[in-house]
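Visitor: Hi! Could you walk me through this one while I have it open?
Guide: Happy to, let's bring it up.

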Amino acid sequence: MRRFISSLHQALKAVRAFKLRAVFCIASVALGISAITVIVAATEGAYRRAYEMVDRFGPDAMLVLGGSAEARAIGRRDKTITVQDVEALRQAFPTAYLLVPMSSVREVNISYGNRRHQTRVTGTTEGYSRSWSWPVVDGRDLSEADVKGMRNVALIGAQVARELFANTDPIGKFFFVRNVAVRVVGVLEERGTTGAGHNLDDRIVMPITTAMKKLMNEKTYVNAVRIRFLDARNMGRYRQEVRAFLRQRHGLKPGQPDDFRLLSSEEIIRFLVALTGSLVIFIGITGVMALVVAGFVLANLFLLSVSERSGEIGIRRAVGARRRDILFQFLLEAIALTLVGGLLGFVLGVAAGPLLKLAADFPIYFSWKAFAAGLILSMLVGLIFGLQPARRAAAVHPIQAIRSG
Amino acid sequence: MSLCVLEKVSKTYTTGDLVVYALRQVDLTIDPGEFVAVMGPSGSGKTTLMNILGCLDVPSSGRYALAGKDVTAMDDDELSRMRSEHIGFIFQSFHLLPYATALENVLLPTLYLERPVDGGKSRALELLSLVGLEDRAHFRPNQLSGGQQQRVAIARALMNDPELVLADEPTGALDTTTAAGIMRLLSSLNERGKTIVVVTHDPEVAAYARRVIRMRDGVPTEQPSGRTPRPLTAHPPVTP
Ligand SMILES: Nc1ncnc2c1ncn2[C@@H]1O[C@H](COP(=O)(O)OP(=O)(O)OP(=O)(O)O)[C@@H](O)[C@H]1O
Ligand SMILES: [Mg+2]
């Protein structure tokens, strides 16, 4: 232990003495580590966002979307889920404690006095705000009576409240949705913007009965159904059951593709991870390459250093240093340098992170994990690429070294 | 008991088919407290002898015992330990660490001691004042003259209080006046009981020793020195 501490001391002294070597090693390791730091932070950021979204989506939630995956891929939104499907699902799945149909129209003109705005109208039932865990902060929620009675009432998002009502209290006011006069009964809590750039607060929510009849001219189909189950752990099973149930109701034969899509938190995570993956791979390759280059820079500078310092090695050996003392000293020198490079790289990464966020709206989150990954990797670079020169140093024959010095 | 005992020690170097005898069947004994000068033409084996005495090298054949321990069969770690505990080296080109201060250079041998010693720093400072450099403790080698650098090297050689101090042409890089100063310092160490072996080409330097060994083609021959041998009375070991 004492030998270790004095070796460390000696190593640090040498690190400071050979400044040019230090600068090059530190700089090259710092570059690699900063890239790695950003990757770890980006991965962590993506996972955090994924879990945030899952949290918002609900781990016990499932979304049934009308239309096959193929149709959606080419931009068509086929309507395949009927009002009757919704009722049948409700009967068949008693564990589904919330089952909310939804139909949306986008870019609907709304107005209040001379204020005009375009927004998205979602027709749904009284469970909507609960099913999205999206509280009504002002006024009241939609009621069963609103839906049954096909009332002209609406919940409005925070953005709509600002656009139409500015600073005045919107509750109880009538405004026009196209040419239908609708009364504001509640305001939804501010939700902000999704990762994809949708402003969630720019919407109004109405009874689905009202919306289908008066805005969509639709009797049969809904866009989607949101279901929440009592037991989040059985989501995999529920998913299979809902799928089988709908396939049977829609009369699909084996081999025929689904004419609907099921979305649960699993898919959301998978999607986000795939999205992150490409960037992570890109920066990852860059980072690893930078680290390997840094390693070779270090190895070469150290080899140079070993022959330059053979006199020093010789004299240390002459006064009693064993081979492993020399090996240790040079390894510690390498690791000390790469650690400093790692720390610097972390700082660089933290500085570069926000730029990446600005440039690509990429979720980045720095934590001890990014820090630890940087330190461990930089130590490994020092250890791996410092080993060969350190062994060379330990093998220096004291007689030759002293003779030539 | 003799400090160094060489029995039929040979050292050969093989380059291709050619076998060079650097040392040939050397029988040599050095007792504690001796001051030996080794002279001889270039290539006669002086440095080779010093390397073997100093456990930097092992004989190709024959036996060498230092302080009662047979060195011949020791491995590299054991040899390192022998050097650390029994030997102080002084070289022609000083071999100080350029990036360390005089004090740190003197302390270098303590880093590799098997057992830690307390008060290393104060001992190092005492040694620096012994060699007349108490006010240069925090100077770096490039801020010191050649003679001063060699004094630092001498202090370093004494740091672990070795029985044997080996100096291979310690004055080779110095002018005559400075060389005389260094030799007086070595003499005073010897007078305080240190065993010293000096390799030199310079008869004036050799004159400081009480025993002169002349090397020729790897074979040493004793030569009476100018000075009368001092009886080996018990002297206190060099303190500090
Ligand atoms: N590593 C080696 N390989 C081959 N031959 C060697 C080696 N080291 C020494 N020799 C040979 O051994 C002989 C003795 O060398 P040594 O260095 O001991 O001479 P020296 O008396 O110290 O000479 P100098 O006065 O020039 O320092 C020489 O012939 C030398 O060429
Ligand atoms: Mg020589």
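Visitor: Before we start, what am I looking at, and how is it numbered?
Guide: This is a predicted model, where local features need pLDDT of at least 70, side-chain atom pairs count only at pLDDT 80 or more, and totals for chains, interfaces and linings use all residues. Residues are numbered from 1 along each chain as its sequence is written, chains are lettered from A and ligands numbered from 1 in the order in which they are written, and side-chain values use heavy atoms, with hydrogens and water left out.

Visitor: Great. How many helices and strands does chain B have?
Guide: Chain B has 7 helices and 10 strands. Both are DSSP runs numbered from the N terminus: helices are H or I with at least four residues, strands are E with at least two.

Visitor: And how compact is chain B?
Guide: Its radius of gyration, taken over C-alpha atoms, is 17 Å, close to the 18 Å of the globule rule for 240 residues, so chain B is as compact as a globular protein of that length. That rule is 2.2 Å times the number of residues to the power 0.38. The C-alpha atoms of chain B fill a box of roughly 50 × 40 × 40 Å along the principal axes.

Visitor: What share of chain B counts as buried?
Guide: 55% of its 240 residues. Buried means under 20% relative accessible area, with a 1.4 Å probe and protein chains only.

Visitor: Let's do sheets. What is the strand order in the 6-stranded one?
Guide: In chain B this open sheet runs β6-β7-β8-β3-β9-β10, with mixed pairing. Two strands pair if DSSP finds at least two bridges between them. β6 (87-91) and β10 (219-223) of chain B each have a single partner strand, so one side of each is left without a neighbour in the sheet. On average, neighbouring strands here are turned by 20° against each other, direction ignored.

Visitor: How do β7 and β8 of chain B run?
Guide: Strands β7 (residues 164-168) and β8 (residues 195-199) of chain B run parallel, joined by 5 bridges. B:Asp168 stands opposite B:Val199 in β8(B).

Visitor: Which helix lies across β6 and β7 of chain B?
Guide: That is helix α5 (residues 146-158) of chain B, running at about 165° to β6(B). Axes are lines fitted to C-alpha atoms, for helices over the stretch in contact, with angles from 0 to 180 degrees between N-to-C directions.

Visitor: And the sheet of 4 strands?
Guide: The order is β2-β1-β4-β5 in chain B, an open sheet with antiparallel pairing. β2 (18-30) and β5 (69-70) of chain B are the edge strands. β4 (residues 61-66) of chain B pairs with β5(B) over 2 bridges, and B:Ala65 stands opposite B:Asp70 in β5(B).

Visitor: New topic: how many residues does each chain bring to the contact?
Guide: Chain A gives 29 residues and chain B gives 25 residues, where contact means heavy atoms within 4.5 Å. The two chains bury about 2,400 Å² between them, 57% of it on carbon and sulfur atoms. Buried area is the accessible area (1.4 Å probe) that two parts lose on being put together, summed over both. In chain A, A:Arg2, A:Ile315 and A:Val319 lose the most area to chain B.

Visitor: Last one: is A:Val180 buried or exposed?
Guide: A:Val180 is buried, with a relative accessible area of 11%. A:Val180 is found in strand β8 (residues 180-188) of chain A. Not counting residues up to four places away in sequence, A:Val180 touches A:Asn152, A:Phe175, A:Lys214 and A:Leu215.

Technical notes
Buried < 20%, exposed > 50% of the residue type's maximum accessible area, 1.4 Å probe, protein only.
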